[in-house]
Amino acid sequence: MATQAAFVVKFPQQLARPSRVQGRPVPPARVGIAVSRGPAGKSVSAAAPRVVRCRAGGLIEPDGGRLVELVAPEEGGRRAALRREAAALPHRVRLGRVDTEWVHVLSEGWASPLRGFMRENEFLQALHFNAVRGDDGTMVNMSVPIVLAVDDAQRRAILASGATSVALVDDHDRPVAVLSDIEIYKHNKEERIARTWGTTARGLPYVDEAITNAGDWLIGGDLEVIEPIKYNDGLDQYRLSPAQLREEFARRNADAVFAFQLRNPVHNGHALLMTDTRRRLLEMGYKNPVLLLHPLGGFTKADDVPLSVRMKQHEKVLEEGVLNPESTVVAIFPSPMHYAGPTEVQWHAKARINAGANFYIVGRDPAGMGHPIEKRDLYDADHGKKVLSMAPGLERLNILPFKVAAYDRKHNKMNFFDPSRKEDFLFISGTKMRGLAKNRESPPDGFMCPGGWKVLVEYYDSLTPPEDSPKLREAVAA
């Protein structure tokens, strides 16, 4: 499949570089990789979100005009008090993997202005309008429900006790957060699936992972998280919150931020789109556009390349100069993946606005997948970029069409497709790319940086018993 992209554009105000952010000096960061720093903030009362207001003349404002951060600050003893409160609560809701990822997303303000798992009115608005109404009455894009399920027994026990708060705990029964001022309502799974994915066909990865076996009730409320979510997998330094990313963009004196989301390894076609985007921004008059290379780090389907491998491959892309480390920030987007096509791509765009990105590159069939039963794509490949141009709550964004990128056999590199000499171009889809790596077949020279390709081959070798591993084969004919 060709790589096709559109260019989502917002003309930002001039960015001023602050010397201090959230009361702390802005320290230097490694080139190409923004360094994660600990949380900062003032003491707040129970269940009250800590907010980071936008500076006048700074980056694009987040939805609602401020980031809603839901991690209890250490200052003033609030974190210790919340931990004691959670331990004393009689009702506990155990978080699964995807639930924890949503706690992470909510806690850092990616879903601003949401202050917790959705109550029924927010759930219905997201499900039917792809937007929720903010405190000021404006519609804010919110295309995927962010909800937490409970079962019949949990519902009965909570309602019988009259509890207004519950503790959210991990799989070792350790408190993670408190959900207060709670509301429990029916989890109509069929309606949720049909409206989010446009089908109820069996085999949708997120549905199988997080919905099918979940409880028949949803519990919403105000969320307060005891401490920042960490995974201790060697990648936490890449998991920068929207506030931390805004600090990093300010430190780099960025006057435009363009985001590129991906869940696959970066090949030179991707890099062509990203570098050409920066060139266009410079031609438009921006002085220092910064790329946010932002791979999705939550749940993905079983045949996707694992996050740790993708991050190692992305590092090679920077090390080998395919992308400029001086103008690139690599970070992990903590959201789980729905594979919900045009519905989900709105969420991806909205979340990056909250991180300060005012430009967004959207590819062919964004957030799409093959139909789980039939031999066809689940979504029209062009609908994602078209929907973004019309989506409620994303009016600040505009879309410019981009070209198709493919391997140019005449020049031995990835290039924009030229229909006048179409016989010179070779289209290598993500599926084809993974197949080459699995079979230890080298792609044509110029398709991907050598170090990055080696990372992929080594990963697929690790899945094959050593005695069955074939020798490296010749490059695919260009």
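1. The charged end of Lys186 sits over the ring of Trp217, 4.7 Å from its centre. Arg155 also lies over the face of Trp217, at 3.9 Å from the ring centre. A charge sits over a ring here if NZ of Lys or CZ of Arg is within 6 Å of the ring centre and within 35 degrees of the ring normal.

2. A word on the basis of these values. This is a predicted model, in which local features need pLDDT of at least 70 and side-chain atom pairs count only at pLDDT 80 or more, while totals for chains, interfaces and linings use all residues. Residues are numbered from 1 along each chain as its sequence is written, and side-chain values use heavy atoms, with hydrogens and water left out.

3. The overall make-up comes next. The protein chain has 13 helices and 19 strands. Both are DSSP runs numbered from the N terminus: helices are H or I with at least four residues, strands are E with at least two. Of the 478 residues in the protein chain, 56% are buried. Buried means under 20% relative accessible area, exposed over 50%, and partly exposed in between, with a 1.4 Å probe and protein chains only. Take contacts in the protein chain between residues at least 6 apart in sequence: 76% of them join residues at least 24 apart. Contact means heavy atoms within 4.5 Å.

4. Now the aromatic pairs. A search of the whole structure finds 10. Rings of Phe, Tyr and Trp (its six-membered ring) pair if their centres lie within 6.5 Å; planes under 30 degrees apart count as stacked, over 60 as edge-to-face and the rest as tilted. Tyr206 and Phe299 form an edge-to-face pair, 6.4 Å centre to centre, with 70° between the planes. Tyr206 lies in helix α6 (residues 205–210) and Phe299 in the loop between β14 (289–295) and α9 (307–319), so the pair ties together parts that are 93 residues apart in sequence. Tyr206 is buried, at 3% relative accessibility. Phe299 is buried at 6%.

5. Another edge-to-face pair joins Phe417 and Phe425: 5.1 Å centre to centre, 70° between the planes. Phe425 is buried, with a relative accessible area of 5%. Phe417 is partly exposed, at 25%. Elsewhere, ring pairs link Trp102, Trp110, Phe333 and Trp347 into a cluster.

6. Look at helix α3 (residues 120–129) and helix α5 (residues 189–197). Their axes come within 9 Å and cross at roughly 40°. The axes are lines fitted to C-alpha atoms, for helices over the stretch in contact, and angles run from 0 to 180 degrees between N-to-C directions. α3 and α5 are therefore oblique to each other. Angles under 35 degrees count as roughly parallel, over 145 as roughly antiparallel, 65 to 115 as roughly perpendicular and the rest as oblique. Phe123, Leu127 and His128 of α3 meet Glu191, Arg192, Arg195 and Thr196 of α5.

7. Ser107 is in helix α2 (residues 97–108). Ser107 is buried, with a relative accessible area of 2%. Leaving out residues up to four places away in sequence, Ser107 touches Val68, Glu69, Leu70, Val71 and Val225.

8. Arg396 belongs to the loop between α11 (383–388) and β17 (398–408). Arg396 is partly exposed, with a relative accessible area of 27%. Arg396 and Ile353 are 43 residues apart in sequence, and 9.6 Å apart in space, C-alpha to C-alpha.
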